[in-house]
Amino acid sequence: MNVPSEGSVHVKIGGRGRVFTGNPDVDELLFFYAGSIVMVTDDTFVEGKSFVSALFHDRKLLELIPSPVVDEPALREKALVNVDDLQELSISVNRLRKSIEPHQIIVHLYLPQVLVKHGSDAVLRLINFWMSEVRRAGHLEFFVIPKKTFVDFERKLMSIADGAIEISVEKTARGYETFFIPIRLSKDQFNLKPVKYTIENGKIIVKVSPAVDPHQTLAMLTPLLERGDEIKLFFTEKDDLEISPKYYLFFKETSGWRLSWISDAFGDELEKVMPLFAQLFDEGVLKLVSIPVSEEFLGEKMSEYGEKLRLVSSASFVSLFSVMLDYLKCRVDKEFEKREFIGCMSEMFARLYSYSVVSKERLSFERLMEKVLNTAFGCKAVVRQRSSDKFIVELKQCPVCGNPAWAEKEFFCKMVIGRVIAGASKVFFKSSVDVSEVQCGFGDKGNCVFAVRIVS
Ligand SMILES: [Zn+2]
């Protein structure tokens, strides 16, 4: 390996070991610290490399590149590393860390080759092993990888890295525009928000536009929802918040969830929710925090969701809610009728409860449905599969039709029970479903029977 002469790479270190880029606009946005590692992802790999160079435009970086490569006229210091042998790579990079002056900027540019050769587990072990050495040596180290190419590795490196920068190129009306998203590298208001930038004369020019572009936010949020294992949603309530009760309930109850759980449990609703999600995110009502949420979180919420499901599906809740709504009248928006809202709540809690049950125990659809109906109404249900996409749910003693306290039985049987069945089915099949009541037992006509059809 060629080791550059000592003292050739230099960064300014501020208080608390912060590494400044020397570009005031960037230093407002991104906080780097000595002894940390930052993952940089982009679609092409080339942009990521240029980005880091431009970030520290007037400083020298030490680039570690796989050997053999065609050498270009070196404006930057480069060191060749052997990617064929992980052990040798590990030793030589560690030796390099110790041999150069402290507080340098190291850019690792060989990950794709190493990943292809040795697989993601071995490379992760290597980086994990390096972590204490990185802390000790006090350099700032960037690991550049192409986005969505080594998906599993990308996700795991994201969780052990001190921060990440995700670069994206978007086609807009004005041509191609480049953005970066800071992850765990900035103040709350900039975390996970795309920042438009250009590279001019080798220097990053950031364009923080005060006007928010909802399409841009949406384009950023959608992929995060799909793989947001490390991102937690926070719903912060404001007094003047104007939001329909249905969505209020949705965000209130999923606050604290991993983003990926939300897309998993509410996948069929996502398209409808996303514009509002983006708007509330821009308004600061919804916050995304990159903190891992424990796998047990949902299991611990199971009894709470079950309790709420039982409450909103009960006869007394229906009558109490009717009284309250009449009293509140104007407080609740007109878009929602009382009945629709009751249905919505039953379905929402059936979803939340089912999702927490499924996270804890592996159940067949039949067992899940029986469990959910038992929790909601304390009744016994028999569930049978009719065809590949059709199930029949039969209630021997319908809790609505068999309950003298329940008003508007026929309607609520269909509405409350039907929506609970729909909620649990949507979560289980991760798809839209069609639930219809094929027979209502009201007035001694036998059992209440529902048909569930999976709509793909
Ligand atoms: Zn019934």
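Two residues are taken to be in contact if their C-beta atoms, placed from the backbone, lie within 7 Å. Axes are lines fitted to C-alpha atoms, for helices over the stretch in contact, and angles between N-to-C directions run from 0 to 180 degrees. Helices (H or I, at least four residues) and strands (E, at least two) are DSSP runs numbered from the N terminus, and two strands pair if DSSP finds at least two bridges between them.

The model is predicted: local features require pLDDT of at least 70 and side-chain atom pairs count only at pLDDT 80 or more, whereas totals for chains, interfaces and linings use all residues. Residue numbers start from 1 along each chain as its sequence is written.

An open sheet of four strands, with antiparallel pairing, has the order β14-β15-β17-β16. Its edge strands, each pairing on one side only, are β14 (381-387) and β16 (432-439). Neighbouring strands are turned by 20° against each other on average, direction ignored. Six bridges connect β15 (residues 390-395) with β17 (residues 448-455) in the antiparallel sense; in this pair, Val393 is placed opposite Phe450 of β17. Helix α14 (residues 365-377) packs on the sheet through β14 and β15, and its direction makes about 150° with that of β14. Helix α15 lies across β15, β16 and β17, at about 145° to β16.

Leaving aside residues up to four places away in sequence, Val107 touches Val52, Leu61, Leu62, Glu63, Leu64, Phe142 and Val144.

A second open sheet is formed by nine strands in the order β5-β4-β6-β7-β3-β8-β9-β10-β11, with mixed pairing. Strands β5 (77-81) and β11 (203-207) are the edges, each pairing on one side only. Strands β6 (residues 105-108) and β7 (residues 140-146) run parallel and are joined by four bridges; the bridge partner of His108 in β7 is Phe143. Helix α4 (residues 111-118) lies across β4 (62-66), β6 and β7 and runs at about 65° to β7. Helix α6 (residues 151-160) also packs on this sheet, touching β3 (36-42), β7 and β8 (163-172), with its direction at about 150° to that of β3.
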